[in-house]
Amino acid sequence: MDGPVSESSAERAAPVRLHVTEAAVASIAAATTVGVPGVATALTSDAVSGGAATDGSATSEAAAVAMTVEMTVEVAIAARLGHNCRDLAAAVQEAVGRAVAEQTGRPARVTVTVADVILE
């Protein structure tokens, strides 16, 4: 039967809309942050005020705002003694920005706060 070729279901499908929640971005940021050498832990907002820290399995103090073109991600960390805080913050900023962009498809502006230094 020679007739018009029909479109496949994939060609007819609507474009995929992606919504990444703040919690998802926070999890990406936390997991990435604890992988940076010199970071003792990513801190929760409670930890910044004197509460507990997270090992990256829970959400860190990372919030995604303005999901239109570029997200803003804020991360608080505890640094290990002996690591330059400026260099460490820059490494976290670069790693989190890259991870968020790779996993969400959106660029991120990352702000890092060194909230504590761990004496080990």
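**View 1. E94 forms a salt bridge with R98, their closest N and O atoms lying 2.3 Å apart.** A salt bridge here is a side-chain nitrogen of Lys or Arg within 4 Å of a carboxyl oxygen of Asp or Glu. This is a predicted model, in which local features need pLDDT of at least 70 and side-chain atom pairs count only at pLDDT 80 or more, while totals for chains, interfaces and linings use all residues. Residues are numbered from 1 along each chain as its sequence is written, and side-chain values use heavy atoms, with hydrogens and water left out. E94 and R98 both belong to helix α4, 4 residues apart, or about one turn of the helix. Helices (H or I, at least four residues) and strands (E, at least two) are DSSP runs, numbered from the N terminus. E94 is partly exposed, at 46% relative accessible area, and R98 is partly exposed as well, at 41%. For these labels, buried means under 20% relative accessible area, exposed over 50%, and partly exposed in between (1.4 Å probe, protein chains only).

**View 2. The side chains of R86 and D87 also meet in a salt bridge.** Here the N to O distance is 3.8 Å. R86 counts as exposed at 63% relative accessibility, whereas D87 is partly exposed at 46%. The structure holds 2 salt bridges. Side chains of opposite charge can pair when their charged atoms come close.

**View 3. The largest nonpolar core has 21 residues.** Such a core is a set of buried Ala, Val, Leu, Ile, Met, Phe, Trp, Tyr and Cys residues joined through side-chain atoms within 4.5 Å. V73, V75, I77, V92, V96, V100 and V110 touch the most other members. Two or more residues come from each of α2 (22–33), β4 (71–80), α4 (85–104) and β5 (108–118). The biggest share is that of α4, with 7 residues. In soluble globular proteins, nonpolar side chains tend to be buried together.

**View 4. Helix α2 spans 16 Å from its first C-alpha to its last.** With 12 residues, α2 comes close to the 16 Å expected at 1.5 Å a residue; the expected span is 1.5 Å times one less than the number of residues. Which residues of α2 are buried? They are V25, A26, I28, A29, A30, T32 and T33.

**View 5. L119 sits in the segment after β5.** L119 counts as exposed, with 68% relative accessibility. L119 and L81 are 38 residues apart in sequence, yet their C-alpha atoms are 5.4 Å apart in space.
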